[in-house]
Amino acid sequence: MASVLQQQGKLDEALVTFQHVVEIEQGLDNQGQVAITLNRIGGILQQQGKLDKALATFKRSIEISKALDDQRSVAIGLNGLAGVLQQQGKLDEAVVTFHSVVEISKAIDDQRSVAIGLNGLAGVLQQQGKFDEAIATFKRRVEVSQAIDDQQQVVIGLTCLVGVLQQQGKLDEALNTCESIVEIAIRIADSYKEPDDQVDLFGMLRGLRGSFQKKGKLYKAIRATECFIKLSQVHKDKQTTALGYSLLGNILQQQSKLDEALATFQRVVEISKAIDDQRQVGFGLSGLVSVLQQQGRFDEFFSILEQSIRIKEKYNPSENPKALQLQLSIELRQQGEFFLEQKKYLDKAEQILQRSQGICEDLGESHTLLTTLHILSKVLKQRQKWHESERILRRSYDLSVELEDHVGKAIILNSLGQVLSKQEGEEKFKLALMNFRASIQLGEEINNQTHLGTYHFCTLALLRGAETLAMLLLWVKLFLKWDALTHLAQVYTAMGQALLQHEDTNEAVIKLIQGFKINENLSNLSGIDKVTPHLTYALVKLGRRDEALVYCQRALAVAPKNKNLQELYDTISSSQPIVNPDPLKQGSVKSIGYNRQQGCHWGYITPNDGSDDIYFREGFIDSECISQLKKGTLVEVEVRKTQKGLCAKSIRLIDGFDS
């Protein structure tokens, strides 16, 4: 009865019952049974953390067993005593005591007890950091268990050995040992029992997989994962098997074995559905979504994504439903961001991001919502939905004010300026300039605060030493994530472009020069590449070709390998006409076709001014706009020059030709 109570975790009741047994056996003068029961009591006291009492109890048991000359009972008592000493941190005493267990067990030829003593001894040696001795001792323990054909004990010994090998960084040997364990477990599957909870072989295998994966040794990571799967199958634990296949799918995807990864994630879904584990089904579907996305199989991708979203929305465990919903929102945002970067399926990206937005709003997660709205505004901007983009950006700005996110406000004001400048009407243009100026002012304030803060921290570091120096490094690290000067260069460039498009060329030059100088000082290659064509075009337009040539030379000093800048320099120096980097042209659709291999529409527009045809392609141009185009459709095109010729940056349908 006492043993049952102990198994049920009712330790106080078990203790009282065992103490009652001791009293009865003492009354019967059955000292051998008293010693055995005292060992059980010592074990419970140890389990309760009452180590001094446990120590005294084991010593009492040993004394009785010695008086009876019962060496087997002495060994059992010493084994318990050594465990308590180890738990108390008295490792040297524990080593001596485990050695005694081994010697006594050898003397009475109790090989199973020898193995137990060696296992305890190796554990203490491992704790002392004596890894080579620990490994040798675990191997001796395994040999003893093999000699008596106790395969279950062989597995336990090998599992402990894996832990030391892993701790010592001997990962290949640890992996080979795990494979030996799995072979034995499969061979004795009917009688196999899971080792003690403290020996987490599944955890070790996941650790091995992760270590090999980080080192790029993916083949070995797969071997570790296959061990994980086979062991879970021996345990008949389908939930763990599904987890193993999910881990395997990730590695196969990393190896670019996408068809195998797809089949593996499908297996995760099948197993998880069979045991009605909806959470794991969701993980499997997420894997499928990721692989299909990588393969470019977007029709299937959207179908599976919808299934994944529905399952994750329904799955609502009691422990933390908010965390799961937030994770879903982040996953949706990442999918939307992927399609924005690819410039494909922007209509789907918009829908996905709107779902992410809805989840954030329901959860009241303002920071995550702000990030989602920022990406959504970019998608709407790419789709030329200027009014909707403006609405989202204004919402984002209000949220940034609420969160006191000054960096966010500066970025949003710049985006608002760009979106407003694309809309018709003088009032919208004035608002665009107002937002650009506000973004510049805020950027300058943040930049000044950064320098001022750094100055104060440097002074403190000199006065107070290393602790404050560490704070300085943290300060610098935080501000390096967002460079106020780069932001200012971007705003000046965007404002200059808007002024240039509005035919305010003189003012455009002033702003573009400011953007150029910041980029030049920062050696910002992408910024120089963007601002120089607009600046030089504006200068040539004002009859300042020599000045344009100087700026082009300065740009090449920053980016000497930039072919576009070299071509621009050649054009300016040869007195050839210079083309507006982003001109608006009107014309009609010359042709439109569909590329089955790339899954996108493409075509050409013939401008009214007789210049070269303009190429357009779905992805760079929104799918909704493309769907309205046919041969002869009248359009207004924002053009950009590339190495291959003129390309459409944006397309707007018009009713007739302007003069």
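Colleague: Which residue of strand 5 does valine 637 stand opposite?

Modeller: In this predicted model, strand 4 (residues 634–642) and strand 5 (residues 645–653) pair in the antiparallel sense over eight bridges. Within that pairing, the residue of strand 5 opposite valine 637 is isoleucine 651.

Colleague: How many residues lie between strand 4 and strand 5 in their hairpin?

Modeller: Strand 4 covers residues 634–642, and strand 5 covers residues 645–653. The two strands form a hairpin, and the number of residues between them is two.

Colleague: In the hairpin of strand 1 and strand 2, which residue takes a positive phi?

Modeller: Strand 1 (residues 584–595) and strand 2 (residues 600–607) run antiparallel and are joined by eight bridges. Asparagine 595 has cysteine 600 of strand 2 as its bridge partner. Four residues lie between the strands of this hairpin, and the one with a positive phi, near 65 degrees, is glycine 599.

Colleague: Which residue of strand 3 stands opposite tyrosine 604?

Modeller: Strand 2 also pairs with strand 3 (residues 614–617), in the antiparallel sense and over four bridges. In strand 3, the residue opposite tyrosine 604 is tyrosine 615.

Colleague: Is the protein more spread out than a compact globule, or less, and what is its radius of gyration?

Modeller: The protein has 29 helices and five strands. Its C-alpha trace spans about 120 × 65 × 45 Å along the principal axes. For 659 residues the globule rule gives 26 Å, and the protein lies well over that value, so it is more spread out than a compact globule, with a radius of gyration of 36 Å.

Colleague: Are helix 8 and helix 9 roughly parallel or roughly antiparallel?

Modeller: The axes of helix 8 (residues 131–147) and helix 9 (residues 151–167) come within 9 Å and cross at roughly 165 degrees. Angles over 145 degrees count as roughly antiparallel. Helix 8 is therefore, relative to helix 9, roughly antiparallel.

Colleague: How many nonpolar residues does the contact of helix 8 with helix 9 have?

Modeller: The crossing of these two helices is left-handed. Helix 8 contributes residues including Phe131, Ala134, Ile135 and Phe138, which meet residues of helix 9, among them Val154, Ile156, Leu158 and Leu161. By class, the contact of helix 8 with helix 9 has five polar and two charged residues, and the nonpolar ones number twelve.

Colleague: Is helix 10 oblique or roughly antiparallel to helix 11?

Modeller: Helix 10 (residues 171–187) and helix 11 (residues 201–214) have axes that come within 11 Å and cross at roughly 140 degrees. The class of roughly antiparallel requires an angle over 145 degrees. The orientation of helix 10 to helix 11 is therefore oblique.

Colleague: Which charged residue belongs to the contact of helix 10 with helix 11?

Modeller: The crossing of helix 10 and helix 11 is left-handed. The contact is made by Leu171, Asp172, Ala174, Leu175, Cys178 and Ile181 of helix 10 together with Leu201, Leu205, Leu208, Ser211 and Phe212 of helix 11. By class these are nine nonpolar, one polar and one charged.

Colleague: How many polar residues does the contact of helix 18 with helix 19 include?

Modeller: Helix 18 (residues 346–363) and helix 19 (residues 366–382) pack at an angle of about 160 degrees, with their axes 9 Å apart, and they are therefore roughly antiparallel to each other. Their crossing is left-handed. The contact includes Gln354, Ser356 and Gln357 of helix 18, and Thr368 and Thr372 of helix 19. Its residues divide into ten nonpolar and two charged, while the polar ones number six.

Note on methods
Residues numbered from 1 in each chain as written. Predicted model: local features only at pLDDT ≥ 70, side-chain atom pairs only at ≥ 80, totals over all residues. Heavy atoms only, no water. Pairing = 2+ DSSP bridges. Axes fitted to C-alpha atoms, helices over the stretch in contact; angles between N-to-C directions. Parallel < 35°, antiparallel > 145°, perpendicular 65-115°, else oblique. Left-handed = near helix turned anticlockwise from the far one by under 90°. Contact = heavy atoms within 4.5 Å. Nonpolar A, V, L, I, M, F, W, Y, C, P; charged D, E, K, R; others polar. Rg over C-alpha atoms; globule rule 2.2 N^0.38 Å.
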